[in-house]
Amino acid sequence: MKHPIPNIDLMFLEGTMMHRSNYQFPDEEAVEKKIVEVIRTQKNISFIISSSQNIDRIVSAFKACKRTGRNLVIDIYTAWVLEQVRKVTENVPGMEWPEIRVYADYSQDKKLKANPDYFGDFRQRLYHHRVKWQDMKTNPSAFLYFGKMSSFRKIDAFKEGKGQVNIIYSQWHGYLDGNNADYFGSDRIAAYRKDPAVNFVYAHTSGHAPVEDLQRLAAALKPRALVPIHTEYAGEFNKSFEHVLTLKDGVTFVLN
């Protein structure tokens, strides 16, 4: 933005946050603070529902565990994602770190066993950092489980334990509206909001830029035309941006 590219004819600009904001959790530090608040006094296990590809959120969960003396439990897939990221930077946690434990689901472990040439010694190393189901059941308050929408069966298994199960929902609220059939278990996670055995907490900050940042970017680049993408509110772009060109899906546009 200090040295913008000149003479831009056409700029595509996303608008995910046109009707949303990060006012409650403006950054990852705010999310981490909320996680700490929830798990510091837990009597039962806590689950954080997020994406294994949200590296910032994994780091926030790890930092919260480190601050509160808890262990962060990840599944095999999340451990593999971190394994790949650590090839680029060692500033993200890995399964070898003392506060990390790996829970080996059968279906994921089956894929490791079926592809030994691809995964190398990953499976062998993983089992040195494994947490067993009975370990979590015996001392549930020691763990924060990094789960998915599909983790509802695990959550149900802890609901009869001592104290409420904490569910820290850490992704877009819209996935809980019942219209996301692609997200297996979203209806079950949504139902926990009214379950007395569950303490349902929201803690999420979007990775998408707020409108104010998008306006600064557009003002710096000064495109001759700006096309809204990835938004349900393309028709409102002209209220916040100049030279807006709204294109419909499937329509060819010729740039002269």
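## Basis

The model is predicted; local features need pLDDT of at least 70, side-chain atom pairs count only at pLDDT 80 or more, and totals for chains, interfaces and linings use all residues. Residues are numbered from 1 along each chain as its sequence is written, and side-chain values use heavy atoms, without hydrogens and water.

## Helices α1 and α2

Helix α1 spans residues 28-39 and helix α2 residues 55-68. Helices are DSSP runs of H or I, at least four residues, and strands are E runs of at least two, numbered from the N terminus. The two axes come within 9 Å and cross at roughly 40 degrees. That makes α1 oblique to α2 (under 35 degrees is roughly parallel, over 145 roughly antiparallel, 65 to 115 roughly perpendicular, the rest oblique).

On the α1 side, the contact (heavy atoms within 4.5 Å) is made by E28, V31, E32, I35, V36 and I39. From α2 come D56, R57, S60, A61, K63, A64, C65, R67 and T68. By class, the contact has seven nonpolar, two polar and six charged residues.

## Largest pocket

A pocket is an open set of points on a 1 Å grid, where a 1.4 Å probe fits, with protein on both sides within 12 Å along at least five of seven lines; lining residues have an atom within 4 Å of a point. The largest pocket has a volume of about 1,300 Å³. Of its 49 lining residues, S50, S51, Q171, Y175 and Y183 are the closest to the centre.

The largest share of the lining, five residues, comes from α4. The lining has 16 nonpolar, 22 polar and eleven charged residues.

## Second largest pocket

This pocket has a volume of about 240 Å³. Its lining includes M17, R20, W172 and H204.

Conventions
Axes are lines fitted to C-alpha atoms, for helices over the stretch in contact, and angles run from 0 to 180 degrees between N-to-C directions. Ala, Val, Leu, Ile, Met, Phe, Trp, Tyr, Cys and Pro count as nonpolar, Asp, Glu, Lys and Arg as charged, and the others, Gly among them, as polar. Grid points are joined across faces, edges and corners, and a volume is the space filled by probe spheres set on the points.
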